[in-house]
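Let's walk through this structure together, starting with its overall layout and ending with a few individual side chains.

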Amino acid sequence: MTSQNGDEMVVTPWKVSGEVDYDRLVQKFGTQLLTDDLLNRIKKHAGFLHLQLRRGFFFSHRDFDWILDQYESGNPPVLYTGRGPSGKIHLGHILPWIFTKYLQDAFNTKLYFQLTDDEKFLIHPEFDMKKMSDITYDNILDIIAVGFDPRKTKIITDVKDISSLYELALKVARHVNFSTVKAVFGFEDASNIGIIFFPAIQAAPAFLESSLANRNVPCLIPAAIDQDPYWRVARDVAQKLGYYKPAQIHSKFLPGLGKGGKMSSSMPETCIFMTDTPNVAKKKIMNAFTGGQATVVEQKRLGGNPSICPVGLYNYYLFEGDDKAAGELWKNCGSGAILCGECKILLAEKIKVFLLEHQKKRVEAKETIEKYLM
Ligand code: TRP
């Protein structure tokens, strides 16, 4: 699939590149766009519409309408999300988790949070098990810092907690053949046999609550849309196992601070890590690519383009909670009334507050971690 400027759009669980055209992605994956009607229904239950819904960061779904039907008829869903621990947590990771916490509060419901240390061990030949468990512990602190309800949240670390998933994974695996995962995930003859089995392990938590409760419990998975291939497989198998198909609500990708591409730890200068000091974060923001003109005079005359600007987008998606102020910022960028330097300073100030708060909670998480573990 080729976008206008010729960069091929690639969206898989392991690689996102090229210019992402979300409308085409929705078509290609066969998902649905979130409608105003759905947003109004979730607003009613949550009491307010989350920023990430208002600004369209979460934008697509499968069966979210059915989840709301179930909830409204007294059958609340369980939530399931996860993280592949391969390094430090950055803004792009934390956004969907903040949204997941909103859903947990809205539905007052249980959450399974899977850490796929097995997956990352299998695809990173440079990692040993000690490294995996260090990264995993570090990531769990960030997860807890988001503020999930400790009485309603279970963190599953695959390697350590495999006994709670293995039976389900086997039941799934028996219904998925090699040619299917080859087609869905692009596995090849040279792929290691661990990663070929792995999709069964990522499917398992979607059925965990049903299996433990001994009755069918609807499952809703909030995640970035690159994880969708896993859910297609899980949904196919669900019916064969007598479970409900897991539903999804999908987010877009947060762009990095560079030109194009999603935020990725492989380019640390374009990434805001949750453990960055405010000064380090500010430096990265001040060096960011923007949608502005080359000179102040041109910026004032022509205005900037906020829709290709990470600084504009962060202000818009995440850090300016006031819709009116966000709209003004957007407009003032386009008209040239605000300069990139000013916009960057605004953002750096907001990020500073956000990071300091998170880092405080991250330290506190060391004391409460036991309450969250499976
Ligand atoms: N494979 C995911 C990753 O690499 C981790 C993951 C496991 C996940 N279960 C999930 C992500 C459920 C979202 C929802 O990040």
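How many Å separate the centres of domain 2 and domain 3, taken over C-alpha atoms? The answer is 30 Å. Before going further, please keep in mind that this is a predicted model, where local features need pLDDT of at least 70, side-chain atom pairs count only at pLDDT 80 or more, and totals for chains, interfaces and linings use all residues. Residues are numbered from 1 along each chain as its sequence is written, and side-chain values use heavy atoms, with hydrogens and water left out.

The protein chain is split into domain 1 (1-29), domain 2 (31-253) and domain 3 (268-363), with bounds that come from an automatic or database domain assignment. Let's look at where domain 2 and domain 3 meet. Here 16 residues of domain 2 are in contact with 21 residues of domain 3, contact meaning heavy atoms within 4.5 Å. The size of an interface is often given as the accessible area lost when the parts come together. Between domain 2 and domain 3, about 1,700 Å² is buried, and carbon and sulfur atoms give 62% of this; buried area is the accessible area (1.4 Å probe) that two parts lose on being put together, summed over both. On the domain 2 side, Arg-55, Leu-91 and Ala-145 supply 39% of the area buried against domain 3, more than any other three residues.

Charged pairs also join the two domains: four salt bridges are counted between domain 2 and domain 3, a salt bridge being a side-chain nitrogen of Lys or Arg within 4 Å of a carboxyl oxygen of Asp or Glu. Helices here are DSSP runs (H or I, at least four residues), as are strands (E, at least two), numbered from the N terminus. Arg-54 is partly exposed at 33% relative accessibility, and Asp-323 is partly exposed too, at 41%; buried means under 20% relative accessible area, exposed over 50%, and partly exposed in between (1.4 Å probe, protein chains only).

Another pair to find is Glu-209 and Lys-110, whose closest N and O atoms are 3.2 Å apart in a salt bridge. Because Glu-209 lies in helix H12 (residues 205-213) and Lys-110 in the loop between helix H5 (91-107) and strand E6 (111-115), the pair ties together parts 99 residues apart in sequence. Glu-209 is buried at 13% relative accessibility, whereas Lys-110 is partly exposed at 32%.

Finally, turn to Met-274, in the loop between strand E9 (247-251) and helix H14 (278-286). Is Met-274 buried or exposed? At 0% relative accessibility, Met-274 counts as buried. Leaving aside neighbours within four places in sequence, its contacts include Ile-89, His-90, Leu-91, Phe-354 and Gln-359. The C-alpha atoms of Met-274 and Gln-359 are separated by 7.3 Å, although these residues are 85 residues apart along the chain.
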